[in-house]
Amino acid sequence: MQAQPLLAVRGLHSFYGESHVLHGVDLTIQPGQALSLMGRNGMGKTTTLKSLLGLLQPRSGSVEFLGRDVGKLPTWKRMREGIAYVPEGRGMFHNLTVKEHLQMAARPGIGGKLEWDYDRVLATFPRLAERLTNLGTQLSGGEQQMLAIGRALLTNPELLILDEATEGLAPLIRKEIWEVIAHVRASGISTLIVDKNIEVLKNLCDRHVVLVKGQVVFDGDTQDLQDNLSQIECWLSV
Amino acid sequence: MTYFFGKKTEQLFIWLFFPLALLLPLFLEQNEFYVNKLTSVVIFAIFVMSLDYLVGRCGMITLGHSMFYGLGGYLFILIAPEFEAVNFWVYTFYICVLAAAIALVVGVIVLRTSGVYMIMITLAIAQMCFYFFSDSVEFGGNDGLFILMKPDTSLFGLAFFNLDDPLHFYYFCLLSLFNCLVFWKLVTGSRFGRIMEAVKDNPQRTTALGYNVFLFRLLSYVMASALAAYAGYLFALQYGFVNPSMMSWQTSGSALVMSILGGMGSLYGAILGTVVYEGLHYSLEHLTEHWLLLMGCLIIAMVMLFKAGIAGFLENLLERRK
């Protein structure tokens, strides 16, 4: 018998005005699993995330987290259930320093879980420790991404969602960010990673989903991905 | 002191303004008019600071804040017995709690909107309140109501000051202003304050961190409204009456100008803005009958010159952000 999924999204239909963007998206993440969500620009990856977080209200479909229907809950309550979101573009607050970003986000997870605290985040991201008094917007792109991930980890989540975590970063910084994500993944937190870098994702994630025009066209494990690599690369290429 | 006031400019302001404000009445003691004038500036600064927190720190632009300023005075007259000197401290507590309760109800309605719609709805609610008190004979209409017995200020049998002595009252209001400044600095320096900064910058992003943005905004609105009512209560005690003009939109508008002039969100800038605005008001009205024209020109010049207000100008001058 399969364990209860951590996150189960079924039949998600979302619209922007009259524009039908998601056409019945299904996603499942098991506890401890890492899932990659891939697709070209405009295929509905960020819309899927926004819909499952409640930032965009889907017209139909269900979202279950830890077996509980969270589809009707407001965003902040869904996040309190144990979801952390690192948005595309890092989402720095213009008027807060690095230290203030971390302090304002820190809270225990569900059941009082306190695996990640301020010191552990600074130990994981030593560069942030050197920049504590800088405003978040005064950091480099890579440092901002580290801060965004650190901020999300301080909520002690069950599921970490990363949207285009390496977008717009230099190759060396990308490598550093992927190493950080691998470190987080190794700590046992389930992750949902939205990105286009198939080479990294196939080593980092257990399952892979590909979206094309708001529909899931591939859902399989790393072996399935390897077996269908040419077709998937075709879906991901411009 | 540095724990509360981290910036050099803030510290300089505290060390210059408050000692000066403490000493000034000693030179004006013979002239009660000036002491009363200073007292009303100090009281209004408490009100402006509460609006400054809402607008500058929470991003909630309201033109209805004067409603709570007026209610502070009206609530005292309505709940206190007419011919009995009630306890000042107890009624301060009652008024703040009642104003907070009213703000809770109003906030639930008002905070469902934002931006220009929030300005409209706060203005509409405050104007409804203004006309209600203006048109009600039982509340004294446009003339308002008078306080027949001033409260007794004793605490545990000890009277620290006399409300009928203008100098005593001035010093008490100055202490209140300092306490309010410390209170707002504590709020803005706390985790709650950081979250409010985040809410102001990007509410959706703050929601995605698991915070109930509506609740945080509501709590801020309630705190600011309670302190606005406290300022209104002090005003009513100073002059011995309340009237609906206290809750007119012009009162909110003037406070907003003072907050912008001082440097929105800086808190101590609200005091600077109030002092400069009231100082100009007093000086110019004695010069010409068209003083408002001059005042307008000066405010335009200052806003153009000091883009982040007087506090922002001073901070640029005295310290640079890392």
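A polar contact is a pair of N or O atoms within 3.5 Å; within protein, one atom must be able to donate a hydrogen and the other to accept it, and residues adjacent in sequence count only if both atoms are side-chain atoms. Between chain A and chain B, 10 residue pairs are in polar contact, both residues being at pLDDT 80 or more. The model is a predicted one, in which local features need pLDDT of at least 70 and side-chain atom pairs count only at pLDDT 80 or more, whereas totals for chains, interfaces and linings use all residues. Residues are numbered from 1 along each chain as its sequence is written, chains are lettered from A and ligands numbered from 1 in the order in which they are written, and side-chain values use heavy atoms, with hydrogens and water left out.

The contact (heavy atoms within 4.5 Å) takes 23 residues from chain A and 18 residues from chain B. The area buried between the two chains (accessible area, 1.4 Å probe, lost on being put together and summed over both) is about 2,000 Å², and carbon and sulfur atoms give 56% of that area. A:Trp76, A:Phe93 and A:Met104 supply 31% of the area that chain A buries against chain B, more than any other three residues.

The interface also holds one salt bridge, a side-chain nitrogen of Lys or Arg within 4 Å of a carboxyl oxygen of Asp or Glu. This salt bridge joins the side chains of A:Glu100 and B:Arg194 (3.2 Å, N to O).

Within chain B, helix H2 (residues 32-58) and helix H7 (residues 191-201) pack at an angle of about 60 degrees, with their axes 8 Å apart. Helices here are DSSP runs (H or I, at least four residues), numbered from the N terminus. H2(B) and H7(B) are therefore oblique to each other. B:Tyr53, B:Gly56, B:Arg57 and B:Cys58 in H2(B) meet B:Phe192, B:Met196, B:Glu197 and B:Lys200 in H7(B).

Over all chains, the structure holds 18 salt bridges. In one of chain A, A:Glu143 pairs with A:Arg131, the closest N and O atoms being 3.1 Å apart.

How values were computed
Axes fitted to C-alpha atoms, helices over the stretch in contact; angles between N-to-C directions. Helix = DSSP H or I, 4+ residues; strand = E, 2+ residues; numbered from the N terminus. Parallel < 35°, antiparallel > 145°, perpendicular 65-115°, else oblique.
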